[in-house]
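Take a look at the picture below, try each task yourself, and then follow the steps.

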Amino acid sequence: MLKVEEMTFSYKRNEYLLNRLNFDITPGGVYGLLGKNGSGKSTLLYLMTGLMFPKIGHIYIDGIEPRKRLPDMLSQLYLLPEEYDLPATSVDEFVKRNAAFYPRFSREDFDRYMDIFDLESVKNMQRVSMGQKKKYLVSFALATNTALLFMDEPTNGMDIPSKSQFRKAIALGMNDERSIVISTHQVRDLESMIDRVLILHNHSMLLNESTLRIAEKLEFVNTTDKEELDGCIYSAFTPAGFVGVRPNTTGAETPVDLEVLFNAIITNPETITNRFV
Amino acid sequence: MNQIFSPARFGAYAMRFVSQKSKNCLLMYVVVTGVLAILMALGGQSIDFFPMTAILFIVAVVEASRFSNNIEPRSMKIGFLLVPASQFEKMLASVLYLFIAVPLLYIVALLVAQYVAMFLVALFTLTPPQWAAPFHAVTINSDMLPWFCLSYYSSVSFYLMGATIWTRNTFLKTTVVNLLLGFVILIIISISAMAFTLQSDIFTALGSISYTNDNISRLSQNVRYDIESVFVTFGYIVSILFTIGYLVIAYLRITELEVNETKR
């Protein structure tokens, strides 16, 4: 569906932010795009949606470069940016004026997501809180039923109940025909939700693996006994005890701890990535 | 579906465009109608061609400059670029609004202002209102009208182009550049006109040595008339070409617009 080929991007000459990235986004998965601040997560989302142009290499969505911004291609993708402006119109007016561009938009789905988020149909979308605005936009984004849905820090500004509502909405909005790419540095918000992990670090894609394969290859340890951390590639002390990650030698799968995985991979990039070669 | 223009898609985009603009647009036209009504009331229930066109001109270039609201801030730019309509349709909606809707709305404002002015005059003079025919208060200078239309379209296009280049303080920056360019063009035209007139007079004089004084005088008048008509035609052509040029540059700028993540 989306193919990134040898894609390089830089804001300044010879200072690559993203260097020779190669990966595919295939239908039917929730992708978690993780990276430190300034690692290029948002930039990558903008490149994939045609808002920025690669310096070298190509990006294709069903064989068409997103930089062409062709209407048919744009109607198959939706980007929920980190910052957004909603018009001073009612929810119904907003839906009426924007839904027409998305052939698979479903008003029933939109109402369902509004219910999940406990949202009401307000008269002026500009006069609600930032978190509320985000929830309206997430509801609309999911209801477009586009094949590709990109979300940049979607849980920023959401309160604790809203984050679990968000996970519920994503689970409901997911199907085999669509892919959702969620960029975030709040990895806890994504846990139990994502099928595939993309980790951007030092200008390259350090990891691009399914959570199933990660669980096959790595064992995540959560213990109060420091001695149980033997063989860990990475470990850390937490208020509740210790967390760590080590090669999975037993074959028993443990739940993937995204935060531990992320910290492990940026501290020991080669050790972790070699496990997936 | 056609990726450049589709009537259904353009219709949807135009409705979205109108929905977004309607509130600000309505407010602006209420203000414009008020200003026109006051001017008409003060000017003996009529308005001259110059102030009438000047107000339209200002309204249009300000509206053209506001195209930059689609591009700045970044969140607006993302929304604008990712709406599933072609860049041509997005541009066309703005051009049709500026070229057709703004003048038409202004004509409506003039009509309303005329009756508001009559009512105001009646109110302040304590006499019954003397209702007149529509557009009774409006003076049209038919000689100036073609020039006004051309300079209107050319200026609006220039400000539209400016909005795609300078996204902050668009109106101010475009006005400064417009004045500088206007000054340069004026100098070039003046020098060309002087050179052309001098050359023509020399040729006329050389070709009419054997003619009488009357003939020379008549020839000079003809040459002057020809020069005027050449300059008018040249002016029309240049103005049309510049209008097209500005619109093409604006369109190309839109198609090449990128979101810069490092600039917020």
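**Exercise 1.** What percentage of the 264 residues of chain B count as buried?

*Solution.* Keep in mind that this is a predicted model. Begin with the make-up of the chain: chain B has seven helices and zero strands, and along the sequence the pattern reads α-α-α-α-α-α-α. Next comes burial, where 28% of the 264 residues of chain B count as buried. Finally, look at the contacts in chain B with a separation of 6 or more: 76% of them are between residues 24 or more positions apart.

**Exercise 2.** Which residues of α3(A) are buried, and which elements do they pack against?

*Solution.* Start with the helix itself: Val91(A), Phe94(A), Val95(A) and Arg97(A) are buried in α3(A). Then look at the surroundings. Within chain A, the buried residues of α3(A) pack against α4 (107-116) and α5 (130-143). From chain B, α1 (7-42) joins these partners.

**Exercise 3.** Describe the two assigned domains of chain A and how they touch.

*Solution.* First, the bounds: the domain assignment gives domain 1 (2-84 + 143-201) and domain 2 (211-274) of chain A. Second, the spacing: the C-alpha centres of these two domains of chain A lie 26 Å apart. Third, the contact: domain 1 of chain A supplies twelve residues and domain 2 of chain A supplies eight. On the domain 1 side, β3 (29-35) and β8 (196-201) of chain A are the elements that give two or more residues, and β8(A) gives the most, with four residues. By class, this side of domain 1 has six nonpolar, two polar and four charged residues.

**Exercise 4.** Is His203(A) buried, partly exposed or exposed, and which of these describes Leu126(B)?

*Solution.* Take His203(A) first, in the loop between β8 and β9 (204-210) of chain A. His203(A) is not a glycine, yet has a positive phi of about 70°. His203(A) counts as partly exposed because it has 18 C-beta neighbours inside 10 Å. Now turn to Leu126(B), in the loop between α4 (87-125) and α5 (145-165) of chain B. Leu126(B) also has a positive phi, about 55°, although it is not a glycine. Leu126(B) has 6 C-beta neighbours inside 10 Å, so it counts as exposed.

**Exercise 5.** Where does Trp131(B) lie, and which residues does the cis peptide bond at Pro73(B) join?

*Solution.* Trp131(B) is in the loop between α4 and α5 of chain B. With 12 other C-beta atoms within 10 Å, Trp131(B) is exposed. The C-alpha atoms of Trp131(B) and Val83(B) are separated by 48 Å, and the two residues are 48 residues apart along the chain. As for the cis peptide bond, it joins Glu72(B) and Pro73(B), with omega about 0°. Pro73(B) sits in the loop between α2 (49-65) and α3 (74-82) of chain B.

Terms used: Residues numbered from 1 in each chain as written. Chains lettered and ligands numbered in written order. Predicted model: local features only at pLDDT ≥ 70, side-chain atom pairs only at ≥ 80, totals over all residues. Domains from an automatic or database assignment. Contact = placed C-beta atoms within 7 Å. Nonpolar A, V, L, I, M, F, W, Y, C, P; charged D, E, K, R; others polar. Buried ≥ 20, exposed ≤ 12 C-beta atoms within 10 Å, placed from the backbone.
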